[in-house]
Amino acid sequence: MSEQNSKLKSFTDQVFGAEKNSAASIGESKLNKYNNIAVRMFHTSVLTPKEMVLPAIGQFATKFLGGLNAYRTLYFVNVLKIDMTYVTAILALISIYDVLNNPLMGAIYDRTRTRWGKARPYIIFTAIPYFLSTAILYSGALFLGDNVGNDSKKIIFVFVLLFVEETFSTIYGIPRGNMVTLQTPNPKDRINVGLLSEYLGEPGASIVYAIFPPLMELNNKGYINIKLSMLFSILACSSAIIGCVGNIAMAIGCKERIVLQPKPAPIGKTIFYILKNKYAMRNFAVGFITSWWSSGGYSWDVVTQQEIFGGSIPSFLAYLPYNLLSPLSVTFIPFFQKLFKNNNKRAVICLRIWDIITVIAMFTLGCPNVDKKWVVIGIYAFFFGLDGVNNGPGNVFEAELGREINDYTEYMTGERPDGTVNILTDLITKVTQPLQALLTIVIFKWTGYDPTIKMLPWSQGNKKVYEKVFFLFNGIQVIPRIIQMIPYFFYDLEGEKREKMYIALNERRALVAQEDNTNELIEEMASMIKEENE
C-alpha cells in the first residue's frame with residue numbers, strides 16, 4: 001500500500017508539481033547570488049514615460065475597433081441585409097477555424113526568439129493586415145450594394161474577410177496581449193500602464209458610441225441622408241489608421257526586458273503546463289462552464305437606445321452618469337489600492353460583486369418599466385452610473401491578477417507558454433461553440449423581435465418583446481459573472497507569498513541570462529535601477 005501511495009504521489013508531483021529547472025524548485029544557494037538585483041527589479045520602476053504612453057495609444061485603437069465591433073451583427077443584418085441564420089452559421093464556422101488557428105499561432109509565438117524580442121516583430125508586421133482587413137470588411141456594403149436578399153456574393157465576402165481578419169487577429173493579438181508582461185518585472189509598472197491604457201483607451205469606444213446611435217437615429221427619422229454603409233466604412237478606416245500607427249509605434253518604442261528560456265520545451269509538454277498552474281486551472285474550468293452562454297448575438301444596446309429610451313437625446317441622458325464617471329474612475333485607483341491595502345484579489349472580488357448588484361438592480365427594476373420611458377431611463381442612468389464608478393480600478397486590478405497567474409506558470413515550469421497553453425483551453429471551450437450558436441438562434445427567436453422593422457421609438461409595439469430586449473441588453477450575463485468570480489475566492493498568491501515568487505522569478509531570469517551569455521538586458525536594467533535609486 002505504501003508503495004502504491006508513493007507511486008501515486010510521484011505521479012501527482014510529476015503532473016501538478018514544479019519542473020526541475022523552474023524558479024519554484026531551483027535551490028536557494030544557486031539563486032541567492034542574484035537576490036539583490038531580483039529584489040530591486042521587483043520594487044523599482046523601469047519603464048520610461050514613452051513606454052507607458054505608447055501601449056495606451058494602442059489600447060485606444062483596440063477600444064475604438066471594439067466599439068465598432070459591438071455593432072457587427074447589426075452591420076451584417078441591417079446594412080448588408082444577410083439573414084440572421086446565415087450570419088450565425090458564418091460565425092460558427094469561423095469559431096471552428098479558431099480551434100486550429102489559435103493553438104498553431106500560440107505554439108509558434110512561444111517558440112519565437114529574435115534579436116528584436118518575442119512579441120514586437122509580430123506586432124510590427126501584422127498590425128497593418130489585421131486593421132486593413134477589418135476596414136475592408138466594414139466597407140463591403142459600399143461596393144456590394146444594400147439590396148435585400150441573401151446575395152451569395154455578400155455571404156462569401158463576409159466569410160472570406162472574417163477568415164482573413166481572424167487569422168491576423170490571432171497573429172497580432174496573442175503577442176499584443178502579452179507585450180506589457182514582457183516589458184517589465186515590476187508590478188507597479190504594469191499597474192501604471194494599465195491605468196494609462198484605461199484612461200486613454202476608454203474614450204476610444206465612447207467615441208463610437210457617441211457618433212453611431214445619433215447618426216443612425218437621424219437617418220431613420222429622415223433628417224439626414226448619410227448611409228449606414230458609409231458610416232461603418234468611415235469608422236472602420238479611422239480605426240485602421242489609428243491602430244496601425246499606434247501599435248507599430250508601441251512595438252518600435254517599447255523594450256522587452258524579461259529574459260526567457262532560450263530553448264523552449266517541446267510543444268506536447270507545454271500544452272499541459274496549465275495543469276501545473278492551479279489558478280489557471282480554476283479559471284479554465286469556469287470558462288468552460290460559461291462558454292456556451294449567449295445573449296442572442298444581436299445589437300440589443302442599439303435597440304434599447306432607439307426603441308425603448310426613445311432616441312439619441314434620451315439615450316445621452318441615460319448614459320451620461322456612466323460616461324462622466326467611467327473615465328474619472330481611473331483617478332480612484334490609488335484610493336482603492338489604499339482601501340484594499342494593495343491586495344488585488346480582495347479588490348477584484350469586492351468590485352465585481354458591486355458590478356453584479358448594480359446589474360441585477362438595473363434589470364429587475366427596469367424590465368417592468370420599459371413602457372415608462374423616463375422611469376426606465378432614470379433606473380438605467382443611476383445604476384449604470386454606479387457601475388462606472390469602479391470601472392477603471394476593476395479592469396486594472398483584474399488585468400494585473402491575470403498577469404500574476406501567467407507569471408505563476410513561469411514560476412512553476414521555467415517557461416512562458418502564454419500561447420501554447422491555449423491549445424488545451426481553446427480546444428475544450430470550442431466544443432461548446434455549436435451549442436452557443438444554436439442558443440443564439442433560439443434566444444433571438446424567443447424575443448419575438450423583428451429586425452426588418454425600422455428602429456424607431458416603440459416600433460415593435462409590444463411590451464413583452466421590449467422586456468426581453470432589455471433583459472438581453474443588461475441582465476443575461478449575471479449568472480456567468482457570478483460563476484467567473486468564484487475562482488478568486490480561492491486565490492492565495494498574495495502578500496509575502498507573491499513577493500517571494502517574483503523575487504525567485506527574477507533571480508532565475510538573471511541566472512538564465514548569465515548562462516546563455518545574453519545578460520545585456522539584465523545589466524541594462526540593473527544600471528537603470530541604480531540610476532533611478534541615485
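K81 lies in the loop between α5 (72-79) and α6 (84-110). The model described here is a predicted one. Most residues other than glycine have a negative phi. K81 is not a glycine, yet its phi is positive, at about 60°. K81 is partly exposed, with a relative accessible area of 28%.

N342 is another residue of this kind: its phi is near 60°, a positive value in a residue other than glycine. N342 is found in the loop between α16 and α17. With a relative accessible area of 56%, N342 is exposed.

## Helices α7 and α11

Two packed helices are described by the angle between their axes and the distance between the axes. Helix α7 covers residues 120-138 and helix α11 covers residues 228-253. Their axes come within 8 Å and cross at roughly 175°. That angle is over 145°, so α7 is roughly antiparallel to α11. The residues of the contact between α7 and α11 divide into 16 nonpolar, six polar and one charged.

## Helix α18 and its surroundings

Helix α18 is made of 17 residues, 373-389. From its first C-alpha to its last, α18 reaches 24 Å, close to the 24 Å expected at 1.5 Å a residue. The buried residues in α18 include V376, I377, I379, Y380, F383 and F384. D387, G388 and V389 are also among them. What covers the buried residues of α18 includes α14 (300-308), α15 (312-328) and α16 (333-339). The cover also includes α17 (344-366), α19 (391-413) and α22 (463-474).

A381 lies in helix α18 and is buried, with a relative accessible area of 11%. Which residues does A381 touch, not counting residues up to four places away in sequence? They are L317, A318 and P321. A381 and N220 are 161 residues apart in sequence, and their C-alpha atoms are 25 Å apart in space.

## D407 in helix α19

The place of D407 is in helix α19. Is D407 buried or exposed? D407 is buried, with a relative accessible area of 1%.

Leaving aside its neighbours within four places in sequence, D407 is in contact with T181, R190, R416, M501, Y502, L505 and R509.

## Cysteines without disulfides

How many disulfides does a search of the whole structure find? The search finds zero. For C237, the closest cysteine sulfur is in C244, and the sulfur of C237 is 11 Å from it. A disulfide needs two cysteine sulfur atoms within 2.5 Å, so the sulfur of C237 is too far away for a bond. C237 counts as partly exposed, at 33% relative accessibility.

C254 is in no disulfide either. The cysteine sulfur nearest to C254 is that of C244, and it is 17 Å away. C254 is buried, with a relative accessible area of 1%.

How values were computed
Residues numbered from 1 in each chain as written. Predicted model: local features only at pLDDT ≥ 70, side-chain atom pairs only at ≥ 80, totals over all residues. Heavy atoms only, no water. Axes fitted to C-alpha atoms, helices over the stretch in contact; angles between N-to-C directions. Helix = DSSP H or I, 4+ residues; strand = E, 2+ residues; numbered from the N terminus. Parallel < 35°, antiparallel > 145°, perpendicular 65-115°, else oblique. Nonpolar A, V, L, I, M, F, W, Y, C, P; charged D, E, K, R; others polar. Expected span 1.5 Å × (residues − 1). Buried < 20%, exposed > 50% of the residue type's maximum accessible area, 1.4 Å probe, protein only. Contact = heavy atoms within 4.5 Å.
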